[in-house]
Amino acid sequence: TTAPLDPDLDALGRAARRVLARNDLGTMVAAAPRLYPHQWSWDAAFISVGLARVSVPRALTELRSLLAAQWSTGMIPHIVFSPGTSYFPGPDVWGTDGVGAKPAGVQTSGICQPPVHAIALARILRIAAEQGEEGEEGGEALAEARAFAADAVPRLAAWHRWLSTARDPDGQGLVQVHHGWESGMDNAPRWDAAYEAIRVRQEQQLRRHDTALVSDVSERPSDSEYQRYLHLVAQMRSVGYDDRRVAEIVDFRVGDVFMTAILAVAAEELAAVGRDLGLEKEVADQMDIAARARAAVLASVAPDSGLCRDWDARVGAWTGAESLASFSVLLCGGDADAYARQRTVLTGPRWAGHPGLRYALPPTLSPDDPGFQPRTYWRGPVWPVMNWLFWWALERHGDHALADRWRAQGLAQLGDLAFGEYYEPLTGEPLGSHEQSWTAAIALDWIA
Ligand code: 2M8
């Protein structure tokens with residue numbers, strides 16, 4: 001089943017609201033009903049934007065729950081566990097309970113995810129302002145959002161600072177990830193080389209649920225990939241998730257160009273919110289973080305292809321595997337030539353302009369890439385939430401014509417009302433989880 005090209009936006013909006021309501025656990029929205037029954041860090045940010053289209057106070061609650069789990073180091077953990085639901089690896093595997101940096105009373109993982117939260121906060125403030133200015137009719141949402149932001153800005157500032165210090169121990173400039181899960185693009189080919197170098201000495205017992213929850217196991221990472229994922233968790237756990245120790249011993253340490261581009265724009269968004277609220281103390285610091293992050297993204301651009309690269313810090317070399325992340329300059333800008341060049345490739349016949357695609361949207365890997373797997377997770381499918389992120393960035397750069405096209409194609413793709421986690425790019429079939437929360441959330445933002 002594929003979606004019609006002109007979806008019924010009222011029906012889409014109603015269905016999206018139903019998905020968010022059904023996945024709402026009270027003070028957090030599960031990332032997906034069965035596959036991901038907890039709060040995920042970057043999911044929560046995208047979800048909060050969609051929630052704001054329904055209720056600004058509920059959107060703020062989502063971010064408040066996440067920030068309540070922030071570690072004293074500044075790290076926002078990638079999962080905040082809800083009680084009593086099954087997911088592997090759960091809190092027992094992470095073993096973060098004795099970690100002093102983790103707030104008591106919450107159960108979390110011990111790694112992070114891309115920092116899209118300040119982007120969400122700024123957008124929620126904008127959505128709230130559309131309902132009325134403070135002190136005027138309808139201005140309650142904005143008043144509440146601004147009060148929340150006054151508390152959230154220093155927390156998000158600490159989060160960004162942690163990423164730009166603890167996660168850049170060599171001063172190379174890119175934010176380093178210690179696990180593919182931190183990138184959000186778990187099994188993307190850009191991590192293959194780093195993962196292949198890992199020798200798993202002791203296989204662990206896998207108690208996976210995910211493979212039983214998708215219609216076809218090939219939509220998910222393999223068991224041997226999971227052995228490496230758990231090996232890294234065991235390493236981090238063995239040193240109590242101490243930032244310095246982890247950076248010394250972990251078998252995966254890669255400067256993530258996509259995460260760094262997100263940090264650049266998120267820090268700028270945070271600075272703008274801080275300025276607006278009179279929190280001058282944070283503004284200069286965030287602008288510095290943004291400038292450093294953007295410079296590192298631009299320094300990663302390969303002269304021959306014009307595409308961005310990750311930096312394998314353990315090997316001391318660029319890793320240039322082409323993927324959606326290669327187009328990180330489209331997120332953070334900073335160099336008009338580099339932007340134009342990446343835009344040409346990404347809209348061209350190798351990528352979003354590929355003649356075989358059901359919708360003209362960028363997949364996670366080019367269909368012409370020998371490693372393209374159209375059904376397998378971050379190795380080929382098209383992800384609605386990534387379309388939203390690129391759309392948001394294009395709008396921010398004033399690249400409205402392309403932004404409009406991608407929004408229209410993205411909405412058409414969601415007209416099947418499945419709210420797929422990802423889609424088969426050639427056929428338009430929804431894959432992974434259905435009723436994925438962030439997919440419903442970005443649909444609501446798009447149609448508002
Ligand atoms: C996926 O990742 C989780 C681990 O974090 C998993 O596979 O179990 C990724 O798509 C990630 O980006 C996303 O945040 C998460 C929840 O939607 O699922």
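Okay, so first thing to keep in mind: what we have here is a predicted model. In terms of secondary structure, the protein has 18 helices and eight strands. If you're setting up a box around it, the C-alpha atoms fill roughly 65 × 50 × 45 Å along the principal axes.

Now the sheet. Four of the strands make an open sheet, ordered β3-β4-β5-β6, with antiparallel pairing. At the edges sit β3, residues 175-177, and β6, residues 317-319, and each of those pairs on one side only. On average, neighbouring strands in this sheet are turned by 40 degrees against each other, ignoring direction. There's a helix on it too: α12, residues 257-276, packs on the sheet and touches β3, β4 and β5. The direction of α12 makes about 45 degrees with that of β4. And β4 itself, residues 254-256, is joined to β5, residues 310-312, by two bridges. If you want to find that pairing on screen, look for V254, whose bridge partner in β5 is D312.

Next up, a helix pair. How do α2 and α5 cross? Their axes come within 8 Å, at an angle of roughly 5 degrees. The cut-off for calling helices roughly parallel is under 35 degrees, and α2 and α5 are therefore roughly parallel to each other. On the α2 side, which spans residues 41-52, the contact is made by A45, F46, S48, V49 and A52. From α5, residues 117-130, you get H117, I119, A120, R123, I124 and I127. Sort that contact by class and you have eight nonpolar, two polar and one charged residues.

On to the ligand. Which residues surround it? That would be A31, Y36, W40, W42, D43, H78, W181, G184 and D186. By class, this shell has five nonpolar, two polar and two charged residues.

The peptide bond from F88 to P89 is cis, with omega near 0 degrees. P89 is in the loop between β2, residues 79-80, and α4, residues 91-94. Then there's Y241, which isn't a glycine but has a positive phi of about 60 degrees. You'll find Y241 in the loop between α10, residues 223-238, and α11, residues 243-249.

That's it from me.

Technical notes. Residues are numbered from 1 along each chain as its sequence is written. This is a predicted model: local features need pLDDT of at least 70, side-chain atom pairs count only at pLDDT 80 or more; totals for chains, interfaces and linings use all residues. A residue is near a molecule or strand if its C-beta atom, placed from the backbone, lies within 6 Å of it. Ala, Val, Leu, Ile, Met, Phe, Trp, Tyr, Cys and Pro count as nonpolar, Asp, Glu, Lys and Arg as charged, and the others, Gly among them, as polar. Two strands pair if DSSP finds at least two bridges between them. Axes are lines fitted to C-alpha atoms, for helices over the stretch in contact, and angles run from 0 to 180 degrees between N-to-C directions. Two residues are in contact if their C-beta atoms, placed from the backbone, lie within 7 Å. Angles under 35 degrees count as roughly parallel, over 145 as roughly antiparallel, 65 to 115 as roughly perpendicular and the rest as oblique.
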